[in-house]
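Please look through the sequence and the model below before reading my points. I have kept to a few features that can be followed by eye.

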Amino acid sequence: MKNVGIVIVSHSAKVAEGTADMVRQMVGDEVPLAWCGGNPEGGLGTSVEAIMQAIDGAWSDAGVAILVDLGGAETNSEMAIEMIGEPRANRIVVCNAPIVEGAVMAATEASGGASLKEVVATAHELAPA
């Protein structure tokens with residue numbers, strides 16, 4: 001796939017799935033997309049292993065942008081990137097942007113063939129100043 005992939009990581013499986021559904025309805029299948037949320041027991045939380053699987057599911061040689069909801073999701077996403085290692089790790093970026101709006105706008109940008117840098121910049125434009 002030539003377009004940047006999008007991964008949605010939330011502490012809630014329902015939030016992650018709903019955000020992914022919204023993205024898919026807005027951009028179709030033009031963008032590799034994966035999501036994960038919740039802990040292995042079905043409660044709130046995130047899992048490094050699940051994030052790694054989501055990155056694999058949305059992988060694109062153009063890179064992957066990860067949208068997260070809270071600090072723990074960001075920390076675990078960074079750990080997942082570290083565990084994935086080079087050469088792929090340098091093509092994965094965690095975006096500090098509102099998860100729903102950021103995912104939709106990042107995917108919209110990616111669907112037009114934008115670079116990882118452009119996709120991340122678009123998501124970051126939505127972050128509070």
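1. Cys-95 has a relative accessibility of 0% and therefore counts as buried, a word used here for under 20% relative accessible area, with exposed meaning over 50% and partly exposed the range in between (1.4 Å probe, protein chains only). Cys-36 is buried as well, with a relative accessible area of 8%.

2. This is a predicted model, in which local features need pLDDT of at least 70 and side-chain atom pairs count only at pLDDT 80 or more, while totals for chains, interfaces and linings use all residues. Residues are numbered from 1 along each chain as its sequence is written, and side-chain values use heavy atoms, with hydrogens and water left out.

3. How many disulfides are there? A disulfide is a pair of cysteine sulfur atoms within 2.5 Å, and the count is zero. The sulfur of Cys-36 has its closest cysteine sulfur in Cys-95, and because these are 14 Å apart, they are too far for a bond.

4. Four strands form an open sheet in the order 2-1-3-4, with parallel pairing, where strands are DSSP runs of E of at least two residues and helices runs of H or I of at least four, numbered from the N terminus, and where two strands pair if DSSP finds at least two bridges between them. Strand 2 (33–37) and strand 4 (92–95) are the edge strands, each pairing on one side only.

5. Strand 1 (residues 5–10) and strand 3 run parallel and are joined by five bridges, and Val-7 stands opposite Ile-66 in strand 3.
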